[in-house]
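Please open the structure in a viewer and keep the selection tool at hand. The stops below are to be visited in order.

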Amino acid sequence: MSDLRPHRRWNPLTREWLLVSPHRASRPWLGQVETVSEERPSYDPGCTLCPGNKRVGGEVNPEYKETFFFGNDFPSLLPPMETMETEAPASISSPLFQSRDVSGECRVICFSPRHDLSLAQMSQEEIARVITTWTDQSADLGSRNRWVQVFENKGAAMGCSNPHPHGQIWAGDFIPEEPAKEDLSQKEYFREHGRPLLLDYAAEELRDGSRIVVEGEHWFAVVPYWALWPYETLLLPKHDHVARLTSLPESHKLDLAETMRRLLVRYDNLFQCSFPYSMGWHGAPFPTANGEKTDKRENVDVYWQLHAHFYPPLLRSASVKKFLVGYEMLAEGQRDLTAEQAAERLRSLPNRHYTT
Ligand code: H2U
Ligand code: ZN
């Protein structure tokens with residue numbers, strides 16, 4: 001099979017196929033640079049996330065100096081006591097109409113007191129503090145929730161409401177759809193091969209090299225073979241088995257921070273803009289759940305491998321984004337640029353942020 005003919009690639013994590021049409025991308029690379037001016041003050045009196053400012057719910061943020069978290073004033077999940085009964089109307093007894101009660105909690109994490117920064121512009125040490133906040137928060141929320149979703153929506157293109165560097169955590173008593181697919185795939189792969197899927201995958205990618213974007217001592221970022229978004233990446237351990245954020249070895253933290261920093265600097269440098277994306281962490285589900293016995297469950301820690309997904313929407317410039325429409329909504333995911341071409345472009349960019 002020629003890689004330059006239309007072909008389909010398999011995503012072993014979600015068990016979905018994807019259409020790749022690289023012949024369309026062989027038209028000349030325009031690569032126009034539209035520098036979007038986005039000067040921001042280091043403190044914005046109108047920002048609900050800046051230190052000392054009032055949030056929408058009325059609480060005042062402390063004069064925080066590093067990272068800071070608070071309970072989301074508009075949480076999408078509520079603790080058990082506050083959850084309202086949500087039964088399907090009594091007249092409907094058909095299995096076609098199902099609903100379930102859920103409970104959980106939502107938090108917001110400010111990555112820095114500086115309104116004008118993003119992770120890409122923060123130092124390795126500052127990013128390491130964000131990682132520590134993620135791991136601490138996961139330990140706390142994971143002690144009473146089955147799934148803890150750490151994520152960041154960055155940029156107006158991703159529907160982010162405020163440019164102040166921040167992320168969110170939604171934790172709940174159920175395993176949501178995306179991690180549920182990954183759970184099944186990793187479980188079955190482990191049953192068949194006796195090794196974690198993503199450890200085997202990392203070994204193959206490290207051997208091949210063509211999709212690697214940045215590589216540290218313990219962690220690396222790769223445009224996955226099955227990437228859907230043009231510059232999608234997967235950040236994962238190179239050789240070590242790490243089940244979830246709370247089992248991240250202390251010795252990995254600075255390396256992970258630097259690997260992430262170098263990835264994010266390249267993202268910003270690609271179109272010389274603050275690169276929008278949604279990113280988030282996936283790791284083994286936590287063993288607590290509504291009275292469920294943990295000992296009956298297969299040991300998820302053996303087959304789960306911690307990783308982060310970065311899904312950036314931009315395609316050709318700071319303002320031209322890819323839309324998942326038409327064929328993608330109605331048939332299956334599709335891309336023009338190959339994962340190898342995307343990785344090559346990102347890899348060739350400097351480690352230094354374009355604004356410095
Ligand atoms: P985005 O990262 O998607 O923009 O979301 C920001 C979150 O911050 C959003 O969930 C919360 C919103 O509810 N928020 C507060 O809890 N209090 C505020 O004062 C502002 C925003
Ligand atoms: Zn701010």
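Select Leu330, which lies in helix α7 (residues 327-330); helices here are DSSP runs of H or I with at least four residues, strands are runs of E with at least two, and both are numbered from the N terminus. Leu330 counts as exposed because its relative accessibility is 77%; buried means under 20% relative accessible area, exposed over 50%, and partly exposed in between, with a 1.4 Å probe and protein chains only.

The model is predicted: local features need pLDDT of at least 70, side-chain atom pairs count only at pLDDT 80 or more, and totals for chains, interfaces and linings use all residues. Residues are numbered from 1 along each chain as its sequence is written, and side-chain values use heavy atoms, with hydrogens and water left out.

Next, display helix α2 (residues 124-142) together with helix α5 (residues 253-270). These helices pack with their axes 8 Å apart, at an angle of about 115 degrees; axes are lines fitted to C-alpha atoms over the stretch in contact, and angles run from 0 to 180 degrees between N-to-C directions. Helices α2 and α5 are therefore roughly perpendicular to each other, a term that covers 65 to 115 degrees.

From α5, proceed to Gln272 in the loop between α5 and β10 (277-282). Gln272 is not a glycine, yet has a positive phi of about 50 degrees. Most residues other than glycine have a negative phi. At 30% relative accessibility, Gln272 counts as partly exposed.

Finally, select Arg15, in the loop between β1 (7-11) and β2 (16-20). Arg15 has a positive phi of about 60 degrees and, at 36% relative accessibility, counts as partly exposed.

Technical notes:
Chains lettered and ligands numbered in written order. Parallel < 35°, antiparallel > 145°, perpendicular 65-115°, else oblique.
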